[in-house]
Amino acid sequence: MQIKTASFVISNTDIKFCPEPDKPEYAFIGRSNVGKSSLINMLTNHKGLAKVSGKPGKTQTINHFIINDEWFLVDLPGYGYAKASKSKRNQFKGFINQYIKKRENLVSLFVLIDSRHTPQKIDLEFMEWLGENQIPFTIVFTKIDKLSSSELSKNMANYKKQMLQSWEAIPPVILTSATAKKGADEILNFIDHNNPLWKAYYEQHH
Ligand code: GTP
Ligand code: MG
């Protein structure tokens, strides 16, 4: 898929105010600072589309972008931001979980995980929650430019081993780097494949 146009639509903290759910939607989620906003800018080839920061906790709202006038891309706040107050964390969790469970045009989530780390409880638990709620997702490992290929293979093997303890099969995995511009085609191909399927379903039901 070629990205011809990408523009910001709206930010909010309540699914009531999200755009009309008449186009397929894909959302990026993961811990604070994992690289969600950077990945979105890399994918769309728009440097300043999503706000990026070295400090965790930058994105604090549900942000909709419209791509090629055809599908929505959504940048979400990070989960598990340790420095935010407990009430703020719960507030984020509330509207993020609501969005994930209720957004009817959400085709799939991309769950971003920092490729440098060993499996973290918070990510594993979040994916289990998605499984319990039957939310489709793809795992996107980020910042692979920061690892050697042997470290990367070791970490990937470790992650798969850990996930197979609670999952029968592992969801699709994509390796990415916003800095080295890697993994965009895989993500865009996934979206390209799913958009017509969503549209066929939507037309049947509307
Ligand atoms: P929140 O909005 O705070 O939840 O963070 P985020 O997940 O949107 O992360 P963001 O894109 O703001 O990036 C966080 C930091 O990681 C920034 O300093 C980025 O420059 C850096 N970063 C993001 N992606 C990559 C990558 O692929 N490689 C490297 N080396 N650094 C990256
Ligand atoms: Mg962000």
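How many nonpolar, polar and charged residues does the shell around ligand 1 have?

## Ligand shell

By class, this shell has 4 nonpolar, 12 polar and 6 charged residues, where Ala, Val, Leu, Ile, Met, Phe, Trp, Tyr, Cys and Pro count as nonpolar, Asp, Glu, Lys and Arg as charged, and the others, Gly among them, as polar. The model is predicted, with local features needing pLDDT of at least 70 and side-chain atom pairs counting only at pLDDT 80 or more, while totals for chains, interfaces and linings use all residues. Side-chain values use heavy atoms, with hydrogens and water left out, residues are numbered from 1 along each chain as its sequence is written, and chains are lettered from A and ligands numbered from 1 in the order in which they are written.

Ligand 1 is surrounded by 22 residues (a heavy atom within 4 Å), and the closest are Lys36, Ser38, Gly57, Ala178 and Thr179.

## Polar contacts

Among the polar contacts (N or O pairs within 3.5 Å), an oxygen atom of ligand 1 is 2.7 Å from an N or O atom in the side chain of lysine 36, and an oxygen atom of the ligand is 2.9 Å from such an atom of serine 37. A nitrogen atom of ligand 1 lies 2.7 Å from an N or O atom in the side chain of aspartate 145.

## Sheet

An open sheet of mixed pairing is formed by 7 strands in the order 1-3-4-2-5-6-7, strands being DSSP runs (E, at least two residues) numbered from the N terminus, which pair if DSSP finds at least two bridges between them. Its edge strands are strand 1 (6-12) and strand 7 (173-175), each pairing on one side only. Strand 6 (residues 137-142) pairs with strand 7 in the parallel sense over 3 bridges, and phenylalanine 141 stands opposite leucine 175 in strand 7.

Definitions and conventions: Polar contact = N/O pair within 3.5 Å; in protein donor to acceptor, adjacent residues only side chain to side chain. Helix = DSSP H or I, 4+ residues; strand = E, 2+ residues; numbered from the N terminus.
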